[in-house]
Amino acid sequence: MFIRQLEYMVALARERHFVRAAQSCSVSQPALSEGIRKLEKELDVPLIRRGNKFEGLTAEGQELVIWARKILADRDAMNDEIGAMRTGVRGQLRFGSIPTASIAMSLLNAPFCDLHPLARVQVVSGLTSEDVLARLRSYEIDAGITYIQDPVPDEFRVLRLYRERYVLLTATDAGASSSTSATWTQAAALPLCLLAPSMQGRRYIDDVFAEAGVNPEPRLETDSVASLFAHVTTGSWATIVPTAWLHVFGVPANLHAVPLVGPERSVSVGLLTLARDPAPILVRALASVAESTDLTFLEQLPAEH
């Protein structure tokens, strides 16, 4: 069994197409297919369901890919560790996050890249909390920022970064604009533009509305943060967003931001990595940056900060 054969299997599981998998491995399609056939012969099990085209992995193939990702991750970590002894931290850090934590990711990536100019970062955004955990477990990402739900499974290390709080963005001539806060019941009575129901941030908002005993019917829904802000800047709609977003997009000139209370809710956001010993050097370097970076200002409105 060769490392290269494991790379072929991981590429095929990712691409689900023989030619694209071969291209990603910089080999010909016959070479990739032959390498996998030899691996099947050595293990004496079929790894691929074959037909006129790729039809998926067998149960044995799926299990092998899990082990292959771990082996390849350990290989990469070993190379990075040895390389760092000679030239400093280098290699590629694969970093994923939930959509609402994109600013936190950027605030960690900037000092990380400044401190380690030979390192590269591959950002995977728009993940759900479940996606972050699953991709960490399958060694598809090295670190992730997500909501922290207690208790955290023992297989992960967690560093809490800040608490995500929500604010109401409404037109300056609306009733809530003269207040220092607004209730969820007041927000429900406004013409709302919200994220789509399938998005995790929206599901959290719906849960708080339900707790407040109201069931608003948004006038407009979108699956894009940029689209959400583009619509609310017209002044025709109000919206509910994490305070952290205002540190990226700001508060539009014709809108007013007030914290939501009654109930006042927040959720912890943190950095998760696998509890590996030793941890890869890129993960240790990122954790060191996160430990020395105070992100709690994201809990406050930009003017307060």
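## Exercises on helix H4 and its nonpolar patch

Helix H4 (residues 59-87) contributes three residues to the nonpolar patch, the most of any element. Helices (H or I, at least four residues) and strands (E, at least two) are DSSP runs, numbered from the N terminus. The model is predicted: local features need pLDDT of at least 70, side-chain atom pairs count only at pLDDT 80 or more, and totals for chains, interfaces and linings use all residues. Residues are numbered from 1 along each chain as its sequence is written, and side-chain values use heavy atoms, with hydrogens and water left out.

**Exercise 1.** State which residues make the nonpolar surface patch.

*Solution.* 
Step 1. Accessible areas come from the Shrake-Rupley method with a 1.4 Å probe, and for residues only the protein chains shown count as cover.
Step 2. Ile3, Ile66, Trp67 and Ile71 form the patch, with an area of about 370 Å².

**Exercise 2.** Classify Ile66 as buried, partly exposed or exposed.

*Solution.* 
Step 1. Buried means under 20% relative accessible area, exposed over 50%, and partly exposed in between (1.4 Å probe, protein chains only).
Step 2. Ile66 belongs to helix H4. Because its relative accessibility is 44%, Ile66 is partly exposed.

**Exercise 3.** Compare the span of H4 with the expected value.

*Solution.* 
Step 1. The expected span is 1.5 Å times one less than the number of residues.
Step 2. H4 has 29 residues, and 42 Å is expected. From first to last C-alpha, H4 reaches 42 Å, close to that expectation.
Step 3. Just after H4, Gly88 has a positive phi of about 100°.

**Exercise 4.** Identify the elements against which the buried residues of H4 pack.

*Solution.* 
Step 1. The buried residues of H4 include Leu64, Val65, Ala68 and Leu72.
Step 2. An α-helix has 3.6 residues a turn, so residues three or four places apart point the same way.
Step 3. The partners are helices H1 (3-15), H3 (29-43) and H11 (281-291), together with strands E2 (54-57) and E3 (91-97).

**Exercise 5.** Decide whether Glu7 is buried or exposed, and name its contacts.

*Solution.* 
Step 1. Glu7 lies in helix H1. Its relative accessible area is 18%, so Glu7 is buried.
Step 2. Leaving aside residues up to four places away in sequence, Glu7 touches Cys25, Leu72 and Arg75, where contact means heavy atoms within 4.5 Å.

Terms used. Patches are made of residues with over 30% relative accessible area and no salt bridge: like charges are joined within 9 Å, nonpolar side chains (Val, Leu, Ile, Met, Phe, Trp, Tyr) within 5 Å. A salt bridge is a side-chain nitrogen of Lys or Arg within 4 Å of a carboxyl oxygen of Asp or Glu.
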